[in-house]
Amino acid sequence: GSERKTARLIHLRDYHLDRLLDYSDRVYLNTSRMPGKAAGIANVGVRGIDTSELNSWLRRKHKIISVAINHAEFTGLRISPSVFTTKEELDRFCDAIEHAIDHGVSA
């Protein structure tokens, strides 16, 4: 039912956010993690890396699809796993973001 789907989406969201937020203080979160606010969707960015460049690099180099949000009040990648997203897929995303933090997104 819908409660199980919501719980799964929150679990997946927290899985990748916990890893990235623990990895570097350059990672920031624009989405509330309060219950009832965002379920599985997150908007996350990396200080010092342009959101659009990061989004393009993820797609080009890693075949990872996200959406760059460039709003007047905030920027970040919209990450929205589905109930079928695996932890291995989220690990691949986190590996790529960690690589970008350590080495940049050029080339």
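This is a predicted model: local features need pLDDT of at least 70, side-chain atom pairs count only at pLDDT 80 or more; totals for chains, interfaces and linings use all residues.
Reader: What span does helix α3 reach from its first C-alpha to its last?
Author: Helix α3 takes in residues 87–103, which makes 17 residues. At 1.5 Å a residue the expected span is 24 Å, and the helix comes close to that. After the helix comes Gly104, which has a positive phi near 85°. From first C-alpha to last, α3 reaches 24 Å.

Reader: Which elements are included in what covers the buried residues of α3?
Author: The buried residues of α3, taking buried as under 20% relative accessible area, are Leu90, Phe93, Cys94, Ala96, Ile97, Glu98, Ala100 and Ile101. An α-helix has 3.6 residues a turn, so residues three or four places apart point the same way. What covers these buried residues includes α1 (2–23), β1 (27–29), β2 (42–46), α2 (51–62) and β4 (75–79).

Reader: Which element gives the most to the lining of the largest cavity?
Author: The count comes to one cavity of 30 Å³ or more, and the largest cavity has a volume of about 30 Å³. Its lining is formed by Leu20, Val27, Val44, Gly45, Val46, Leu54 and Ile97, which divide into six nonpolar, one polar and no charged. With three residues, the element that gives the most to this lining is β2.

Reader: Which element gives the most to the lining of the largest pocket?
Author: The largest pocket holds about 310 Å³ of space, and of the 14 residues that line it, Ile64, Ile65, Ile79, Pro81 and Thr85 are the closest to its centre. By class, the lining has seven nonpolar, three polar and four charged residues. Both β4 and α3 supply at least two residues each, and the element that gives the most, with four residues, is α3.

Terms used:
Residues are numbered from 1 along each chain as its sequence is written. Side-chain values use heavy atoms; hydrogens and water are left out. The expected span of a helix is 1.5 Å times one less than its number of residues. Buried means under 20% relative accessible area, exposed over 50%, partly exposed in between (1.4 Å probe, protein chains only). Contact means heavy atoms within 4.5 Å. On a 1 Å grid over the protein atoms alone, a cavity is a set of points where a 1.4 Å probe fits but cannot get out, and a pocket is an open set with protein on both sides within 12 Å along at least five of seven lines; lining residues have an atom within 4 Å of a point. Grid points are joined across faces, edges and corners, and a volume is the space filled by probe spheres set on the points. Ala, Val, Leu, Ile, Met, Phe, Trp, Tyr, Cys and Pro count as nonpolar, Asp, Glu, Lys and Arg as charged, and the others, Gly among them, as polar.
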